[in-house]
Amino acid sequence: GAGIAPRVTLMPVKVLDVSGKGYASWLASGIRYAADHGAHVICMGVASPRHSQAVAEAVRYAYQRGCVMVAAAGNEGSDPGYPGGMACPADEDEYVLAVGATDMRDWRAHYSNRGDGLDVVAPGGDLTRDDDLDGRGDGIPQETYRVPGNPQSGFVLYWGEGTSLAAAQVAAVCALLSSLHPKIPPSQAMEIIRSTARDLGPRGWDPDTGHGMVDAASALSRAGRHSYYLAEGTTRNGFHSWICLANPGLEPMVVEGSFLLDGGSPVPISQRLEPLSRYTLFVNGILGEERDFGVYLSSDKPFYVERAMYFLYKGAWAGGSSTAAAPAPARSWYFAEGTTRQGFEEWLCLMNPQDSEATVKVHYLLGAGQGQNLEREVKVPARSRRTVFVNEVVGPGVDVALRVESDLPVVAERPMYFLYGAGSWGGGSCEMGFDP
């Protein structure tokens, strides 16, 4: 049989004994070995009901070295009580794609673990059913080497079931993404897998099927496009906003996308760019006045995006800023700078390009001795954006860093406006968050 990624190079790393069992330390060592020897994708078709700190540290080590981590959700059949309902190492949350299994009906297989840690599903088989009416259980075929001493030992085609078989298929799609973009960050590869999955069950994410069935064609199509995101933008009185596009290639291209508004339907964008050229969109002229917006843009060819803003904030603080767009949304964003001292006003802009509402938790980390850290939740509707006035949340006279965590990938920027030096230096800046 042909595999999903038939021309990739495999690195088999043995972490279990002949009976298919082993210690967590063996798995941790195997993960580190693969990461240190050039693996792009690590598929972990193993599961343990007990969390392992050694495995957790190895998973994060490999992730930080650029490995996309894929793990079987486990075959206990329901939420067994460990983190997110997922077995170890699938319980490592944002560092791992946790994969459940479906049967031939695209239903959750009866054995497949469920819970809030589930990312996607893939066919895992169900040997107790015969939905294709071929006279045998609906398994997933694989070439297997039987244990020596068994009458059927040697390489045979074997039909099996399990979340491990599902995880292998997701890992193969990740390998295809890596073949297109060898240096794709794990966070971006994982997000492509989640966001392009075919929805199953209730609309949006659910604990039985996660974000849905892995979709190789959609994932590759998404990865083949070049995308950019900006969360901040306004045409309020005293602000002029511009979107600057550059085509560095030798062929013409079309950039498409949307302005996502703080209230109201998205406004589509379609702009042709000639070879070796740039183009500027005056947003005030497109959206009109008094609109807050974010931007999503994409094309099948490489291009670059920045947003320029010029302002007279509160009629007195004059300045401008230019910010490069982010190449992908993310579930985590970090900002080290921020203050609400006299003469400073700080904002947090959040844009949700997804088709479902995002729940965003904002952690406000205050300066030493300046009070207790705070946490607030913000709901950002689908294909929309929201603005948070940080001064209002934390109060005046404090320094503040931000940690933004979301259940769906979003984009976060931090505008600041100031009258520095007893009111003599007026201006402002806007920074895209750091996505680890």
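**Aromatic rings and their partners**

Reply: Phe303 is buried, its relative accessible area being 1%, where buried means under 20%, exposed over 50% and partly exposed in between, computed with a 1.4 Å probe on protein chains only. The model is predicted, so local features need pLDDT of at least 70 and side-chain atom pairs count only at pLDDT 80 or more, while totals for chains, interfaces and linings use all residues. Residues are numbered from 1 along each chain as its sequence is written, and side-chain values use heavy atoms, with hydrogens and water left out.

Across the whole structure, a search finds 16 aromatic pairs, a pair being rings of Phe, Tyr or Trp (its six-membered ring) with centres within 6.5 Å, called stacked when the planes are under 30 degrees apart, edge-to-face when over 60 and tilted for the rest. One of them joins Tyr228 to Phe303 edge-to-face, at 5.2 Å centre to centre and 85 degrees between the planes. Because Tyr228 belongs to strand E7 (residues 226-230) and Phe303 to the loop between strand E12 (293-299) and strand E13 (304-313), this pair ties together parts 75 residues apart in sequence; strands here are DSSP runs of E, at least two residues long, numbered from the N terminus. Tyr228 is also buried, with a relative accessible area of 16%.

Another pair, Tyr313 with Trp317, is tilted, with 5.3 Å between centres and 50 degrees between planes, and both residues are buried.

Methods
Helices (H or I, at least four residues) and strands (E, at least two) are DSSP runs, numbered from the N terminus.
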